[in-house]
Amino acid sequence: MLRLAEKMSRLGTETAFDVLARADVLARGGQDIINLGIGQPDFKTPEHIVEAAVKALHDGHHGYTPSPGIPQLRESVAQDLAKRRGAKVSADRIVIVPGGKVTMFFAILMFGEPGAEILYPNPGFPIYQSVIEFTGAKAVPIRLLEENDFSFDADTILSQITENTRLLILNSPANPTGGAVPRTEMDRLVSGLTQKHPNVAILSDEIYSRITYDDREHVSLLSYPELDDRLILLDGWSKTYAMTGWRMGYAVWPEALVEGATRLAVNCHSCVNSAAQYAGIAALEGPQDAVDGMVSAFDERRRVIVAGLNSLPGVSCRTPIGAFYVFPNIRKTGLTARVLQDRLLEEVGVATVAGTSFGALGEGYIRFSYANSVENIEIALDRAAELLRAV
Ligand code: PLP
C-alpha cells in the first residue's frame with residue numbers, strides 16, 4: 001500500500017481538460033463535436049514567432065538558460081510593460097516561466113500554509129482554489145456576481161481581509177466570466193489596501209490583458225506604483241499570441257521575492273525551453289497585427305454568441321468585456337450546470353464547461369469559449385436550441 005502525502009487529496013483540477021479528453025474520445029468515435037470548451041485561441045502562432053524559434057534552434061540555442069530567463073527576453077518584457085502599461089519595471093524583477101500557471105503555483109506556494117488565508121475569485125480559474133487548498137491554507141472566495149457584470153466590489157473584498165490574510169488573488173479580464181474590473185473600483189481597492197492592509201500580497205492574473213472589447217482599457221495593477229513591493233503580476237504569451245502549447249509565461253515579482261521565485265524555478269523546471277524564449281522576444285518586439293486581428297475576430301464572435309444565447313429558451317447572457325468566454329445564466333432551463341454540460345456534449349456534440357468547474361458559486365452558469373469560428377458557433381447554438389426546446 002503506497003502512502004501518499006495527505007495534501008494530494010486536496011489537490012483539485014481543471015475540468016476543461018477532462019471535457020477536452022471526453023470530446024476527443026467522442027470525435028475519434030466518429031461524432032461531430034464542436035469544441036467551445038477549452039480556453040485557447042483557435043489561431044496559429046504568427047509565422048514570424050515560429051520562425052524565431054526555428055532560427056534559435058538552428059543557431060544552437062539548445063542548452064539550459066539562466067533560470068529566470070535569458071536577459072534579452074526579460075529586457076523585452078520590461079520594455080513591453082513600459083510601452084503598453086506605462087510601468088517602469090526593472091528586467092531583474094521579471095521571471096520567465098513555462099506558462100502563466102507556474103507563476104500562480106509559485107505565488108500560492110510562497111504564501112500558503114495552514115493558518116493562512118488566501119482570497120480568490122469564485123467563480124474563477126479553478127487552479128487558484130486547488131493550489132490554495134493543497135498548501136493547507138484556507139481558500140476564501142470573493143463572490144463575483146452576474147448583477148455586477150462579474151466585477152468585484154472593493155468594499156466586500158476589504159471586509160474579507162483578516163489578520164491571517166496573506167495573499168489576494170485578482171483576475172481581470174476574467175476566466176470564466178469575461179468580466180473586467182473598472183478603474184474606479186480598482187482605485188477604491190488599492191486605496192483600502194494601502195491604508196489598512198499593508199501586509200497583504202497581491203497576485204494579479206492579467207493573462208487576458210490584451211483581449212478587451214469596446215475600447216475598454218485594461219486596468220493593470222502595475223499602474224499603481226504604491227503596490228510595487230507586494231504585487232506579483234502574472235501574464236504571458238499563451239492567449240495573446242496563440243501560444244498555449246509553447247508554455248511561455250512571465251511574472252513581475254516584488255524585488256524581495258525575486259530570489260524566492262527563482263529558487264522555486266531552479267527546484268522545479270530549471271529554465272524555460274530555450275528556443276521558445278527567442279520566440280517570446282519575436283512576439284513582443286515584432287508586428288502586432290496578428291494580435292489585433294485575433295481580438296477583432298473574437299469581438300465578432302462575441303456578438304454572435306451573446307445574441308444567440310439570449311435567444312435560447314431558459315438562457316440569459318451578459319455581454320463580456322474581455323477574454324474569450326461567455327458565462328450565461330442557465331437556471332431557467334431547470335437543469336444543473338453539470339447536467340447541461342454533459343447533455344450538450346453527449347446528445348448534441350457541443351463541448352462546454354459547467355460553471356461549477358470554476359467553484360461552487362458557478363452553479364446556474366455554463367462557460368462557452370468563443371475561440372471557434374462564427375460558423376461553428378452558429379451550428380453549436382442551433383444544436384443547443386434543439387436540445388433546450390426538448391427539455
Ligand atoms: N490564468 C487564467 C485566468 C487562465 O484562464 C489561464 C489559462 O486558461 C491561465 C492563467 C494559464 O495560462 P497558461 O496556459 O499560460 O499557463
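How many cavities of 30 Å³ or more does a search of the whole structure find? The search turns up 4 of them. Keep in mind that this is a predicted model.

**View 1. The largest cavity holds about 80 Å³ of space.** There are 13 residues lining this cavity. If you want to find its centre, look for Pro 121, Leu 144, Phe 152, Asn 171 and Val 181, the lining residues closest to that point. Strand β5, residues 165-171, gives the largest share of the lining, with 3 residues.

**View 2. Phe 125 and Tyr 128 make an edge-to-face aromatic pair.** A pair of aromatic rings is described by the distance of the centres and the angle of the planes. For Phe 125 and Tyr 128, the centres are 5.8 Å apart and the planes make an angle of 70°. That counts as edge-to-face because the angle is over 60 degrees. Are these two residues buried or exposed? Phe 125 has a relative accessible area of 12%, so it falls under the 20% cut-off and is buried. Tyr 128 is buried too, with a value of 0%.

**View 3. Trp 237 and Tyr 250 form another edge-to-face pair.** Here the ring centres sit 5.4 Å apart, with 80° between the planes. Trp 237 belongs to the loop between β7 (231-236) and β8 (249-252), while Tyr 250 is in strand β8 itself, so the pair ties together parts that are 13 residues apart in sequence. Trp 237 counts as buried, at 0% relative accessibility. Tyr 250 also counts as buried, at 3%.

**View 4. Five aromatic residues join up in a cluster: Phe 43, Tyr 208, Phe 298, Phe 324 and Tyr 325.** Ring pairs are what link these residues. Across the model, the count of aromatic pairs comes to 11.

**View 5. An open sheet is built from 3 strands, in the order β9-β12-β11.** The pairing in this sheet is antiparallel. At the edges you'll find β9 (325-326) and β11 (353-354), each pairing on one side only. Between β11 and β12 (residues 366-369) there are 2 bridges.

Key
Residues are numbered from 1 along each chain as its sequence is written. This is a predicted model: local features need pLDDT of at least 70, side-chain atom pairs count only at pLDDT 80 or more; totals for chains, interfaces and linings use all residues. Side-chain values use heavy atoms; hydrogens and water are left out. Two strands pair if DSSP finds at least two bridges between them. Helices (H or I, at least four residues) and strands (E, at least two) are DSSP runs, numbered from the N terminus. Rings of Phe, Tyr and Trp (its six-membered ring) pair if their centres lie within 6.5 Å; planes under 30 degrees apart count as stacked, over 60 as edge-to-face and the rest as tilted. Buried means under 20% relative accessible area, exposed over 50%, partly exposed in between (1.4 Å probe, protein chains only). On a 1 Å grid over the protein atoms alone, a cavity is a set of points where a 1.4 Å probe fits but cannot get out, and a pocket is an open set with protein on both sides within 12 Å along at least five of seven lines; lining residues have an atom within 4 Å of a point. Grid points are joined across faces, edges and corners, and a volume is the space filled by probe spheres set on the points.
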